Amino acid sequence: MRRAFIRHTVPFVTTLLLSAGAAEAHVDSGGAYGVAAGFLHPITGLDHVVAMIAVGLWGAQLGKPAIWLLPITFPLVMAFGGFLGLLGMPMPGVEIGVALSGVLLGAAVLTETRPPLFAAAILVGVFAIFHGYAHGAELSPGENALFFSLGFVIATGLLHAVGIVIGLLYQWPRGKITVRAAGGAVGAVGAFFLWSALA
Amino acid sequence: MTKPAAPRKKRVHVVLVLAGALAIPADASAHLVNTGLGPIYDGVAHFAMSPEAILPIISLGIFAGLRGVVHARASVTSLPVAWVAFGLLGMLFGPVAISPAYESLPLLMLGGLAAADIRMPAWCTALLAVLLGAFEGYNFGAAYSATRDGLPAVIGSVGLVFVLIALASAAVLKAKWNWTRVAMRVVGSWTAASGMLLLGWGLR
């Protein structure tokens, strides 16, 4: 029985091994790689992640129309910041701006600040330019531009969506505490990065 | 009693051979324009593998769908006609040396319009569809200027263009809830943002 098994398996495995193609270990190109690289770019920096989530949290806390207006405007304005970064326009204090966005947006969620819609949109828009610029200035020239941009924007939008989903808890009393605590956590992370940027 | 073992052995062999054949790695060939099914299908495959042409058409469909049935009809009829007309011109005159940054403009403009859900007359939507069809159709036709089988490829591609614009605009027209309209505008916003980044990349 065992011999029969070996007689069947060994030729099968040998055939598989002989049919293996070239390794191509360094092929980091093409659409899929571009989307993956763009997708990972915003979610691998904690300072960016917390600020994006805070935008969603704040939008959900402010209710309609901010819940959808802020996530629609943020990617557009952020892309404009990325555009400036890609062109190499000088912008001082980018890291401080990024860290400050975490502090202020987190504080706004924690303290349930309710400014007029245009003021909230302007605040979010200004911070979006800093975030976009930081990403745009870091992008390497070898990437597949369209796929990288798509992955990048989708990841940013999904981070907002995470914030909005958490923010939907705000309609329940305990959820209110959870959302405010999440805002506090965002502010604390932002304060850490602000400290690092100023040090 | 031992006789039934022979067919079973055979079945085991067949299964092993099939499994081995399926497990043999081969090239994906996902971006081949030459499908082997003829020039019409080559055109369909070429368009299906061109996200830079697909995304603006989806954005136009979203914008037209958000604006209403008259706008949707205008875009569904104008876009394919312009695509074929300028595709034929592209086949005749060949590629034009323009900056790749211009590829981002349809994404940026149509995505921005869909995100903002701007009110405009239906003839403006038709004009946008003609401009998009002219730009993308010309590029598509120009890619076939060196070959003799360009016309069937353009006709094949325009079939898929028609299906895509019709499906996109119809899907948005049928959106009953407010949140689905918002979701469509978010898609427009993301498309415009991608176009903005692409423009920066092209001008870099």
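**Where the chains meet**

Tutor: 25 residues of chain B are in contact with 28 residues of chain A. Contact here means that the C-beta atoms of two residues, placed from the backbone, lie within 7 Å. This is a predicted model, where local features need pLDDT of at least 70, side-chain atom pairs count only at pLDDT 80 or more, and totals for chains, interfaces and linings use all residues. Residues are numbered from 1 along each chain as its sequence is written, and chains are lettered from A and ligands numbered from 1 in the order in which they are written.

Student: Which helices of chain B each supply at least two residues of the side that touches chain A?
Tutor: Helix H1 (5–23), helix H3 (51–67) and helix H8 (178–203) of chain B. The largest share comes from H8(B), with 15 residues. Helices here are DSSP runs of H or I with at least four residues, strands are runs of E with at least two, and both are numbered from the N terminus.

Student: How many residues on that side of chain B are nonpolar, polar and charged?
Tutor: There are 18 nonpolar, 4 polar and 3 charged. Ala, Val, Leu, Ile, Met, Phe, Trp, Tyr, Cys and Pro count as nonpolar; Asp, Glu, Lys and Arg as charged; the others, Gly among them, as polar.

Student: OK, the overall fold. How many helices and strands does chain A have?
Tutor: Chain A has 8 helices and 0 strands. Chain B also has 8 helices and 0 strands.

Student: How much of chain A is buried?
Tutor: 46% of its 199 residues. In chain B, 46% of the 204 residues count as buried. Buried means that 20 or more other C-beta atoms lie within 10 Å of the residue's own; exposed means 12 or fewer, and partly exposed is in between, with C-beta atoms placed from the backbone.

Student: What is the average pLDDT of chain A?
Tutor: It is 82, and 88% of the residues score at least 70. pLDDT is the predictor's confidence in each residue, from 0 to 100.

Student: Now the core. Which residues have the most contacts inside the largest nonpolar core?
Tutor: A:Ala54, A:Val109 and B:Leu60, in a core of 116 residues. H4(A) gives the largest share, 12 residues. A nonpolar core is a set of buried Ala, Val, Leu, Ile, Met, Phe, Trp, Tyr and Cys residues joined through C-beta atoms within 7 Å.

Student: What is A:Ala54 in contact with?
Tutor: Leaving aside neighbours within four places in sequence, its partners include A:Leu105, A:Val109 and A:Val186.

Student: And A:Ile72: buried or exposed?
Tutor: A:Ile72 is buried, because 23 other C-beta atoms lie within 10 Å. A:Ile72 sits in helix H4 (residues 66–87) of chain A. Beyond its neighbours within four places in sequence, A:Ile72 is in contact with B:Ala115, B:Arg185, B:Val186 and B:Ser189.

Student: What span should helix H8 of chain A have?
Tutor: Its 26 residues (173–198) should span 38 Å at 1.5 Å a residue, and the end C-alpha atoms are 38 Å apart, so the two agree. The expected span is 1.5 Å times one less than the number of residues. Buried residues of H8(A) include A:Val179, A:Phe193 and A:Leu194. Their cover includes helix H3 (46–62), H5 and helix H7 (145–167) of chain A.

Student: Where does A:Glu112 lie?
Tutor: In the loop between H5 and H6 of chain A. Phi of A:Glu112 is near 55°, a positive value in a residue other than glycine. A:Glu112 counts as partly exposed because it has 14 C-beta neighbours inside 10 Å.
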